[in-house]
Amino acid sequence: MSTTRDDVRRGLTDIWPAMVAAAPIGLLFGALAAGKGLSPLEVFLMSAMVFAGGAQFAAIELWTTPAPVAALVFSTLLINARHVLMGTSLAPKLSGFNRWQKFVGLFYMADENWALAEKRARTHRLTPAYWFAMVVPFVSAWLVTSTLGASIGAVLGDPKRLGADFAFTALFIALVAAFWKGRVTFWTVAAAGIASALTYRLVGPPWHVAAGALCGLLAAWLAAGADERSVTEEAKA
Amino acid sequence: MSVDPINLLAFLGMAIATYATRIGGLALAGRLSLSPRAQAAFDAIPPAVLVAVIAPSALATGWAETAAAAVTVLAATRLPLLAVVAVGVVAVVGFRAVM
């Protein structure tokens, strides 16, 4: 039986490496947002209200003045759709949480703290003490580093001069590598890339995001179907 | 320090969309069973969206950006996240200087 105190300590210990890894990413996010004209206060607000790294980076890449609200919300919804499955898997493990702790706690569910909570739940009862001990410092670090990055970025000036405008593209390529699951991902990426670039040229932004994403999903669906068939054929043989 | 009202509206919309995905799982827990094919399509959402967002900058901007994207893909197969970003930025500065 673990005490609340133990759970708090465990949560802090578990989240520490993720905080360190996220710090430079927060700084980079803030600097790029400043390059698109967002003030440090606006960066703070977006980080506090949304708290989703991938969706926030995509939003900044799409950002124009005035903000294309519908495109931003659509892109955010698509990128964060995976949360539904993460939450479905985590929900039965939250029996130690009351209603409020669930609804407040899940506001800041991210890939990192979700993965750590799932890991914890395999050996221990998941407690609000453990969850909030992870979430509070993790969220605070993201707020501090992204706002700081925006303040520094505003001083640095035009990000293109330093090649920093390409940092998004490089970051997203690296993130795609993290989601890599073989052949299906290859067809997803190829279809999404070609459809998006063509739509961008022929129709213009922001439609390239929807067109690319939907073609990517379609390609994944088709490629996974081919996988299923080959598995069935192997089973017959 | 200023907050543009349209920007604030965008943050609000993004926040509501994100929160909906985060609590959506509570309602679905125990009721959702995806076929392997639907699961594969669902898993493909993050890479599909990420690629759709960056494709214009990687493929439809110029040869320097496309070449730098190719170098970045190679780096992504063996280096950690921030090192990949560093390689990409250095590559684009280099290619822009010579192309």
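1. Two residues count as in contact if their C-beta atoms, placed from the backbone, lie within 7 Å. By that criterion Val49(B) touches Ala58(A), Ser75(A), Leu78(A), Ile79(A) and Ala213(A), leaving aside residues up to four places away in sequence.

2. This is a predicted model, in which local features need pLDDT of at least 70 and side-chain atom pairs count only at pLDDT 80 or more, while totals for chains, interfaces and linings use all residues. Residues are numbered from 1 along each chain as its sequence is written, and chains are lettered from A and ligands numbered from 1 in the order in which they are written.

3. Chain A puts 81 residues into the contact and chain B 62 residues. On the chain A side, the elements giving two or more residues include α4 (69–80), α10 (183–202) and α11 (207–236) of chain A; helices here are DSSP runs (H or I, at least four residues), numbered from the N terminus.

4. In chain B, the axes of α3 (residues 45–59) and α4 (residues 63–76), lines fitted to C-alpha atoms over the stretch in contact, come within 7 Å and cross at roughly 120°. Ser57(B), Ala58(B) and Leu59(B) of α3(B) make the contact with Glu65(B), Thr66(B) and Ala69(B) of α4(B).

Terms used:
Axes fitted to C-alpha atoms, helices over the stretch in contact; angles between N-to-C directions.
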